[in-house]
Each structure stands twice: as structure tokens, then as C-alpha cells.
Amino acid sequence: MMPESTPPTAPLIDATQRKLIVGIVIVTLLIAALMIAGLAIGGRPDPAPLRAASTLLDGPWRFHTGDDPRWAAANLDASGWETIDLTAPPGSHDGDVGLPDYVGGWSAHGHRGYHGYAWYRRAVTVPAGSASWDILGPTLVEDGYELYWNGQRLGGSGQLGPEPRLVGTRPLRFALPAGAAGTSGVLAVRSYMLPRPGPSADGGGMHAAPILAPRPVGEALHRAQWQRTIAGYVVDAVEPAAMLALAGLALAVGSRSRRKGFLLFAGIALALTAARRLDNAIVSWTDLQDLRTYAWLAKAMWAPTMTAWLLAWNRWRPPAWRSIDALAIALGAAGIVGALAHLPTWASISRLGSLALFAVIVVRIVRGGPLRTLALVTLASVLAALFGGELLDPLGVPGIWFPFNIGVSRTQYIYAIGIPLLAVLIARTLLPKDATASKAGWWQSSTRPEHDESRNQTI
């Protein structure tokens, strides 16, 4: 390894860096305020007058595993079917977004480990009057459903059939046929659950009952449901946008940075991380991505993302160790193979091996280098976000909190801290605009190894 030398000591924070850091702080505070407002709005309970004017179709439903299109018919005798009660305990909500009226699925009713098709049926009486009526579909179903009224398909989430295409369940509103007011009918829900790696204690089927509502009450409730759903994943949209902006900043200012190699790979890692996080919002708000693709990307994208972060942080204290680069690439390849071939052992080796390489990098930074304190804190945030299962679960740190009744994961909290830290770290690596080659000869050639700034320089 080449001996490290120290260039002329730079001021702690020059004017250019100071302006950029102030801008980072202002933007961070503004975005945080907007996110808090969004969570507060989305987390409000449905307006009481709207819920009073509608009917939550909870209580006992007839239930049958399997699939038969004739089970949608109004005249079917379902007296031999079992009964599932969809009445939610007071104040219950799901463990992700915070959706209200949450109940356990068919796994909690004697069908643990079952996946595939199942049907729900119940009689519904529509009040008399001149109003048109809507059915608000269940806001959480594993994993897709179709809704029928007296045998007539009204719509659903995803595409069911011999080869189902499942998407994230989101608020849906279905109009009952004209003339439904003042009549009784049969509401049937055909649901489908994808196979899971392991049995769930309460997974499968409907986790919330549909709602019967007159128009325009149904429209207003539908908007409230969407506000909650948007709030539940808005952080997964805003943080990736911030990551992509930060990646652009890293690549844009790379020519003026003391850490060109770090910024290059950090920009790549940020783009990959943003893609992984943005998937949550895409699959929850749109039909653009099916659940199989989402699950595959969640597994497969981890390995290249981790490799990019390793290559970046290996270049923080130059020269980069070629052995770490080689091992990072090998572990990334093992992780991809493990994801594609469903080999959990390979995936575990990739994760634990990558964590060990990060430990070596931490030791290198601790032993000396530029901006040591800021670099270590920023790296710690990256590790906590990517290795939560290994680092935070043993400490009993909850995986999700519910401020304003909306779920915010610990990873989202960590990135909310880590993104501004990384932005400040990037800003601190910049040379002054008027820096010349004569003042920083060590920066003249990109073929020369990068050198550390003063070892005593901190935040």
C-alpha cells in the first residue's frame, strides 16, 4: 500500500461549502415540515358524519377455500360454508400504513399456510331512497380480489384467472347497479393469495371489510382513504427523490471534490437505493408493477446496492484497498445468485460478508482520515438502514412507528437523518472555486492516488 501524504490544510469550512450546507439545512427542514403535515392530514380518522352515513360490512361472512365462478351467484346455497367474523377490535389497524378496521386473515381462522383462491359471501340490504350507492372495496387484501353483486362482477384489484397478476391493494370504489336502493343482494369477494416463503399467523384474504355508502358520501370516504394511503407511502416517494437529487449533486461536483472516487460510487449507490425505496410507493399507488416483480426486485437489488456502497466507502480513505473491491464484487454476485436461485444461504453469506467488509472500512476511518467524525456518523446511518435486521433487531428497536396514526418505518427515519448527513459530507469534500493546480498539486491528475486531508479535521 502506498504511503499516505497530507496536502496543505484547508480551512474548516470555506464560503462555498458554507452556502451549500446552509441550503441543505433549509431544504431538509422544509421537506420535513411538509412530510409532517402530510402525515398529519393522512392520519386523521374518517370524518364521523361520513362514517355515520355509511355501513361497514363487518360481522359474519361465509367463507370457502378454493375457486368456482358459480360461487358468485346470488341463489347459491352457502349454508355449508364456514363463517369468518370480519369485526375488527376497537382501534385496530394494520402494521404497515395504519389502515383502520384491521382483522386477521384466513390464517387466523384455521387456514394457516394456505395460499391460492378463497371466496367470501354475505347478504347486504341497501336502504331505500333516491340515492345511488357505492361499495368501497376492502383497503387491504392479500393479495388481489374481485367483487361481485348478485353474480355481476363490479371490478377488483389485479387480474385473477389461471395466471393471476397481483398488484398492491389500494382504495377502490364500485358503483352498485341502478335500482339497487331498497333491495337486498349478495356481495361476494373472490380473493387470491400468492405463495409465501413461510406461513403467516394472520395472513390471507380480506383484512378489512368493505363499506356500503350513498353518493356523495362514498366519494368523500374514498378520498379520505386515498389520503391515508398516500400518506402511508409518501416518505417512500420523497426520500428516493432526495437520493436521486443527491446522486446528481455528487456527480455534478465530482470534478471539484477531494473524493472523486467516493462521490462516483456514492452516486451510483444512491440511485440504486432510491430505486429500491421508490418501489414501495409505485406498487402501493399504481398498477405499474405487479407483486411478483416487486418481491423479486426487493431481493435482487439489495446485492448491487450494497456492492456500490462498499466500493464508495472503500474510497473514503485512499488509496482504496483492491482486496475489499474484489470481495465486495464477489459477495454482490453471490447475493444476486442467491436471490435468483432462491438460495438463502448464499444471501446470508452475502449480507454477513458485506457487513464484515464494512467493519474493516470503519476501522480504517477510525484510524485516521478526513472529516472522521462526520464520515463515521454518516456511514453508521447507511449501515443501520441496510442492516437493520442484523444491527437493530437484536437491540429491540421497533421496525415501524405510527406518528399521526400513519406507519413510518425505522429505515425511513434513518434515511431522513442519513441523506442530509451525506449531503453535508459531500459539500465538505469540495475544493474552493478558485482553487488552482498550484495550490493543490495532489489534485492535478486523476491517475494519481487521492490523499487524506488533515487527520485532525472533524465536523
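**Figure 1. Secondary structure and overall dimensions of the chain.** In this predicted model, the secondary structure of the chain comprises 12 helices and 14 strands, and its C-alpha atoms fill a box of roughly 90 × 45 × 35 Å along the principal axes. Of the 459 residues, 49% are buried, while the accessible surface amounts to about 20,600 Å², with 64% of it belonging to carbon and sulfur atoms. Among contacts between residues at least 6 apart in sequence, 80% join residues that are at least 24 apart. The chain carries 39 positive and 31 negative charges, whose mean positions lie 11 Å apart.

**Figure 2. Surroundings of His207.** His207 sits in the loop between strand 11 (205–206) and strand 12 (211–214), where a relative accessible area of 1% makes this residue buried. Its side chain makes a polar contact of 3.0 Å with the side chain of Glu142. Apart from neighbours within four places in sequence, the residues in contact with His207 include Asp101, Tyr102, Val103, Gly104 and Gly105, as well as Leu140 and Asp202.

**Figure 3. Salt bridge between Arg51 and Asp101.** The structure holds 16 salt bridges, and one of them joins the side chains of Arg51 and Asp101, with an N to O distance of 3.2 Å. The two residues are 50 apart in the chain, Arg51 belonging to helix 2 (residues 48–52) and Asp101 to the loop between strand 3 (82–85) and strand 4 (116–125). Arg51 is partly exposed at 24% relative accessibility, and Asp101 is likewise partly exposed, at 23%.

**Figure 4. Salt bridge between Asp67 and Arg190.** In this pair the closest N and O atoms are 2.7 Å apart. Asp67 is partly exposed, with a relative accessible area of 33%, but Arg190, at 11%, is buried.

Figure 5. The side chains of Asp143 and Arg196 meet at an N to O distance of 2.8 Å. Because Asp143 is in the loop between strand 6 (141–142) and strand 7 (144–149) and Arg196 in the loop between strand 10 and strand 11, the pair ties together parts that are 53 residues apart in sequence. Asp143 counts as buried at 7% relative accessibility, while Arg196, at 32%, counts as partly exposed.

Note on methods:
Residues are numbered from 1 along each chain as its sequence is written. This is a predicted model: local features need pLDDT of at least 70, side-chain atom pairs count only at pLDDT 80 or more; totals for chains, interfaces and linings use all residues. Side-chain values use heavy atoms; hydrogens and water are left out. Helices (H or I, at least four residues) and strands (E, at least two) are DSSP runs, numbered from the N terminus. Buried means under 20% relative accessible area, exposed over 50%, partly exposed in between (1.4 Å probe, protein chains only). Contact means heavy atoms within 4.5 Å. Accessible areas come from the Shrake-Rupley method with a 1.4 Å probe; for residues, only the protein chains shown count as cover. Lys and Arg count as positive and Asp and Glu as negative; His and the chain ends are not counted. The place of a charge is taken as NZ of Lys, CZ of Arg, CG of Asp or CD of Glu. A polar contact is a pair of N or O atoms within 3.5 Å; within protein, one must be able to donate a hydrogen and the other to accept it, and residues adjacent in sequence count only if both atoms are side-chain atoms. A salt bridge is a side-chain nitrogen of Lys or Arg within 4 Å of a carboxyl oxygen of Asp or Glu.
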